[in-house]
Amino acid sequence: MTRITVGPFNRVEGDLEVRLDIEQGRVARAEVTAPLYRGFEQILEGRPPLDALVIAPRICGICSVSQSIAAAGALRQAMGVATAPNGVLATNIAHAAENAADHLTHFYIFFMPDFAREAYASQAWHGAAAERFTATKGSAAREALPARARLLEIMGVIAGKWPHSLAFQPGGTTRAIELGERIRLNAIAASFRGFLERVMFADKLENVVALSTPDELDRWRDGRGGDFAHFLAVADALSLADLGKGPGLLMSFGAYHDSDGARFRAGIRASNGEVEALPSDRITEDVSHAWMRETSLDPAESRTVPDADKADAYSWCKAPRLAGQPVEVGALARQAVDGQPLITALLAADGSNVRNRVIARLIETAQLALSIEGWIKALRLNEPFCLNSGDTADGNFVGLVEAARGSLGHWLAVRSGRIERYQIIAPTSWNFSPRDAGGIAGPLEQALVGTEVGAAGARAVGIQHVVRSFDPCMVCTAH
Amino acid sequence: MDGSGTMTRMLWLQGASCGGCTMSILESGASGWFDELRQSGIDLVWHPSVSEQTGDEVVDLLEAIRDGRERLDLLVLEGSVARGPGLTGRFNMLAGTNRSIYHWLLDLAPLADYVVAVGSCAAYGGIPAAGVNPTDAVGLQFEGSDVGGALGASFRSKRGLPVINVAGCAPHPGWMMESLLALTNGDLTARELDGFGRPTFIANHLAHHGCSRNEFYEFKASAETMSERGCLMEHLGCRATQAVGDCNQRSWNGGGSCTKGGYACIACTSPGFESAQNYLQTAKLAGIPVGLPTDMPKAWFVALAALSKSATPRRVRVNATADHVVVPPSRSGDKRSS
């Protein structure tokens, strides 16, 4: 058996190191390390509760709106305030724009460049993949980055700027949208649709979201241009459906709530396909292998105290568990819990894997583009965007949202008008968690086992696909 | 041009960061940031978010630069330098190297022609340095507003410049790109930096300049709660009259800014902004905001405020506490304005 270290693991958000035990050319055991600790939970302690709206989003520059909304959700409970219906819609539009931008960034900038690597030079498909997706030089980035920047102009209208906005308040959003601005939002949404229909899918979005079986997907992609079909062809050539199998349990906190409920519902999906209600009171965080002092397992009661010298620890990330089990979160989980037909069928066929994670993200991108159009239309321009309220009450409060990478929770405890404790469990804390006290490995640690490395060792590109298929956000992970 | 020999070689590292500065600069350039860099003669030798090379390929590159086998023109850091615990830097190891970012920076910074801190974390410590500063986070050459930081007060890069601080949280993509291009053109000298190492083409302005709420400011017609249209300084914590930056003279994300977005400037370009509390509430003494414009005598400000408040047109006064325009501009005597 040999042990190899892979790092710096780049083209993810933040810092990552992976250690692998290799037996007969395959990964026998993986340890995932988040090598950065900043201490946001400690920084928040003792502050006025509303300061969380400034501090918490700055955990992450790639999903700061998600962090804002989680903080605002917990504060909304503490203040006992409702959100103006327009504020809900404006928040949804901005949040969906951020999540769609994340999916674009992941696909074009982080994930696809691996197929352009020299390791695949002998493959028939390599020339086209290299022309299109080579990191910083491929033709795709020249289209994707301007499309991303244009999509993020939604933030200029609704949120003032991105990343790190204070527009997302417990009572709504801070800026009433006028008619001219709604027209601008429409134009931005149309431009995003245009990019997706021309470049990513080469088809109408309505046709993409209507795909409901693997057979339909196969027929749809035959002879089709567009980067999604390009990915599907490479995924088949490399059998990416057999790579990076997840642990089985999939979770979603539910996302984009409006007067009709949630656009994506909350729940937990077992490996037999059953979807059940989310037992959110059974979320715990284990620190047995994290450089952290022991504390309560319950995030509502725990504190974060680093201990860099702790024996047997190997990550700044704690190990979140649901009813004692590691769970996978992200677009695949969100779509599965919501019962999206194509994703449900793909999961039934071959489970959670590298290919299905990417498919779920791109299908979701198409859905979000359509939802954004609907929410812009639903704005009632002459009504308020923000309701205001008084002070925060003392007590324990929770804000649960879905970031692009999955379920994000903020647990806030207020005492005497100050933050007594603040605990954050981010999506990648779930996916990239270290082992727990029972020795159970986190989802990525499980998904890496069995991956072939052959003679390439630490340079094995299969490892890169598995890790990046989760679209990890390491700056959120240990925060 | 004979390729890499004449290209400016830029290495971008991330310390204790959120990645937000990178997310911001990825918005730069009409045909994308990568094209813009090439067109500008900048060779991005490695960037953790976007480059192909990973793992030991990167370690090889960093060692080659450290050992003088590869040239380094621009060293860019995003994120604070986490020196803890106990100056080991172990809160922020550079993965795959068994060495902290802090110690890598001590090795690499003296080898670069120019060292650039993007964002207030790399410049002054930023948000990770807030509160109890759990990781002993500092900026490259400042610790809050005190010169020093990770590299020390006397540090100068190979071309004789201190660290260039493109402050902001996150900075405007234009601030970062224009600073990098000014350096590659040789246009940014020590004289073009202010006392906190910020390029003066940004720092010679206040965030207040060009604010769309200026008419409300002039008449001291103030918003009282979030989402109202009036000036945000009197009640809602706005520090735009004290914070440097041409924030309101540029468009953020196609047309925004913090104050256009309806919330206060929190002075994110200023060292130590992370130490403030109650960001969206104006601290007052005897009913007068504590944080008045720095270069104006307080008595004058109070006298002028009283005078301008007494002359506030009804349109401005009414609109200040509304979330939509209630009274449109009109000639005096126009029936609709009465």
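This is a predicted model: local features need pLDDT of at least 70, side-chain atom pairs count only at pLDDT 80 or more; totals for chains, interfaces and linings use all residues.
Residues are numbered from 1 along each chain as its sequence is written, chains are lettered from A in the order in which they are written, and side-chain values use heavy atoms, leaving out hydrogens and water.

Helix H12 itself, residues 331-338 of chain A, is mostly covered, with seven of its eight residues buried, that is, under 20% relative accessible area with a 1.4 Å probe, protein chains only. Among them are A:Leu332, A:Arg334 and A:Val337.

Now for where the two chains meet. Here's the overview:

| Feature of the A–B interface | Value |
|---|---|
| Buried area | about 6200 Å² |
| Salt bridges | six |
| Residue pairs in polar contact | 37 |

Buried area is the accessible area (1.4 Å probe) that two parts lose on being put together, summed over both. A salt bridge puts a side-chain nitrogen of Lys or Arg within 4 Å of a carboxyl oxygen of Asp or Glu. A polar contact is a pair of N or O atoms within 3.5 Å; within protein, one must be able to donate a hydrogen and the other to accept it, and residues adjacent in sequence count only if both atoms are side-chain atoms.

A:Arg459 pairs with B:Asp56 in a salt bridge, their closest N and O atoms 2.9 Å apart.

Key. Buried means under 20% relative accessible area, exposed over 50%, partly exposed in between (1.4 Å probe, protein chains only). Helices (H or I, at least four residues) and strands (E, at least two) are DSSP runs, numbered from the N terminus.
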